[in-house]
Amino acid sequence: MALVNCENITLSYEGRNVISDLTFHLGKGEYLCIVGENGSGKSTLLKGILGFVKPSEGTISFDGIAQNEIGYLPQQTDRQKDFPASVSEIVISGCLNRMGFRPFYSSKEKNLAARNMERLGISSMVQKPYNELSGGQQQRVLLARALCAAESLLVLDEPVTGLDPVVTGELYELIRKLHQEGMTIIMVSHDVSAALKYADLILHLHHNGYFFGTRREYEQSPFCMMLKPGGDEE
Ligand code: ADP
């Protein structure tokens, strides 16, 4: 069995199917990019993988990790940008799932948070209020938080939204580094050129079907022609 197994899944809201009969498998250490026009079900699929939306048909299963060991970087909203906490408080809160009913962080969790801040180059900002950071710095903080939860799988929903091109490039390179260190990545992106540059596998969701395959297979498929660089359909 692969690390992530989606078998013939249908995901729906109040009886309306958003994703129908989707099958794909993702091995440990692979990098999957999910693309598709707005409303095609990309975020819904992430919610299915995270267990927030249950498939009405089919199954989503994992081999070697539990669903609560997935690191998740949600789409940033304006409200989250003002979250009143320090960098270190936000990063270490990624350990909450590991703690069960214990009401305090152990030194193991404090070390894990420190190590992940180091990995993402934010150690110098530990005491800073999160809401005073730039957009790119905030995404690094949230990525470090996700890493505290992630045993081997990171799920990222549009991680570069709202960032300028330089900071976008830096964040993509950081995600590439995590992948090279062995992390399995599932990233939703509007940016097909980034998907083709970084991912091993592409899943393109479309209202009447989908493509799943390698980057090279995708480049040669008619699905690749459907999306403009901005992510909208031609
Ligand atoms: P994408 O991420 O590709 O833009 P979404 O997964 O957000 O697409 O949405 C897919 C469809 O599901 C859209 O038509 C959207 O309106 C609908 N949808 C998303 N979330 C909900 C919800 N909580 N309740 C009902 N419909 C929803």
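Author: What follows starts at the core and moves out from there. The model is predicted.

In general, nonpolar side chains tend to be buried together in soluble globular proteins. Here the largest nonpolar core has 49 residues. Five of them touch the most other members: Val 91, Ile 122, Leu 143, Leu 154 and Tyr 218. Helix H4, residues 135-149, gives this core its largest share, seven residues.

Take Leu 154 by itself. Set aside its neighbours within four places in sequence. A second core is separate and holds 27 residues. Among them are Ile 9, Leu 26, Ile 49 and Leu 50.

Now the charged pairs. Side chains of opposite charge can pair when their charged atoms come close. The count here is two salt bridges. One joins Arg 119 to Glu 181, with the closest N and O atoms 3.0 Å apart. Arg 119 lies in helix H3 (residues 107-119), while Glu 181 lies in the loop between helix H5 (165-180) and strand S7 (184-188), so this pair ties together parts that are 62 residues apart in sequence. Arg 119 is partly exposed, at 28% relative accessible area. Glu 181 is partly exposed too, at 45%.

The other bridge joins Arg 176 to Glu 173, again with the closest N and O atoms 3.0 Å apart. These two sit three residues apart in helix H5, so about one helical turn separates them. Arg 176 is partly exposed at 25%. Glu 173 is partly exposed at 35%.

Next, the cysteines. The structure has zero disulfides. Cys 95 is buried, with 0% relative accessible area. Cys 6 is also buried, at 0%. Its sulfur is 16 Å from the closest cysteine sulfur, in Cys 33, and that is too far for a bond.

Strands S8 (residues 201-206) and S9 (residues 209-214) pair in the antiparallel sense over six bridges. A hairpin of two residues joins them. Leu 201 has Thr 214 as its bridge partner in S9.

Technical notes:
Residues numbered from 1 in each chain as written. Predicted model: local features only at pLDDT ≥ 70, side-chain atom pairs only at ≥ 80, totals over all residues. Heavy atoms only, no water. Pairing = 2+ DSSP bridges. Helix = DSSP H or I, 4+ residues; strand = E, 2+ residues; numbered from the N terminus. Disulfide = S-S within 2.5 Å. Buried < 20%, exposed > 50% of the residue type's maximum accessible area, 1.4 Å probe, protein only. Core = buried A, V, L, I, M, F, W, Y, C linked by side-chain atoms within 4.5 Å. Contact = heavy atoms within 4.5 Å. Salt bridge = Lys/Arg side-chain N within 4 Å of Asp/Glu carboxyl O.
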